[in-house]
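Subject: Structure for your review

Dear colleague,

I am passing on the structure we spoke about, and below it you will find my notes on what came out of the analysis. Please read them with the sequence and the model side by side.

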Amino acid sequence: MAHVIIDTCTLCGSCVEVCPSECIKEGEDQYFIDPEECIDCGTCIDECPSESIYEEEELPEDKHEFIDKNAKFFN
Ligand code: SF4
Ligand code: SF4
């Protein structure tokens, strides 16, 4: 289980500043969370101005594709 960033990310970078495991990286169109490194602390959720970060189990049904999209960024 890990936290997941979806496509409403505005690339502001605020989440990166607070992540204790440095597992959030900038992509071309959004930021991504490395599921192997995320410790599920939840700190990043409150930092996101566009509410683009979810616990995996809280993801809306139509956003499940972003579980793979986040993971693939780090492969
Ligand atoms: S839940 Fe915690 S460890 Fe995971 S990405 Fe957010 S701040 Fe980083
Ligand atoms: S805080 Fe939210 S909008 Fe800003 S980079 Fe992180 S996920 Fe994207």
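How many residues surround ligand 2, and which are the closest? In this model, which is predicted rather than experimental, 14 residues surround ligand 2, and the closest of these are Cys9, Cys12, Ser14, Cys15 and Cys48. Divided by class, the shell around ligand 2 holds eight nonpolar residues, five polar ones and one that is charged.

Ligand 1 can be described in the same terms. Its surroundings comprise 15 residues, of which His3, Cys19, Cys38, Cys41 and Cys44 are the closest, and the shell around ligand 1 is made up of 10 nonpolar, four polar and one charged residues.

Turning to the chain itself, you will find three helices and four strands, which follow one another from the N terminus in the order β-α-β-β-α-β-α. The radius of gyration of the chain is 11 Å, close to the 11 Å that the globule rule gives for 75 residues, and the chain is therefore as compact as a globular protein of that length. Along its principal axes, the C-alpha trace spans about 25 × 25 × 25 Å.

Two further figures concern how the chain packs.

Definitions and conventions:
Residues numbered from 1 in each chain as written. Chains lettered and ligands numbered in written order. Predicted model: local features only at pLDDT ≥ 70, side-chain atom pairs only at ≥ 80, totals over all residues. Helix = DSSP H or I, 4+ residues; strand = E, 2+ residues; numbered from the N terminus. Rg over C-alpha atoms; globule rule 2.2 N^0.38 Å. Near = placed C-beta within 6 Å. Nonpolar A, V, L, I, M, F, W, Y, C, P; charged D, E, K, R; others polar.
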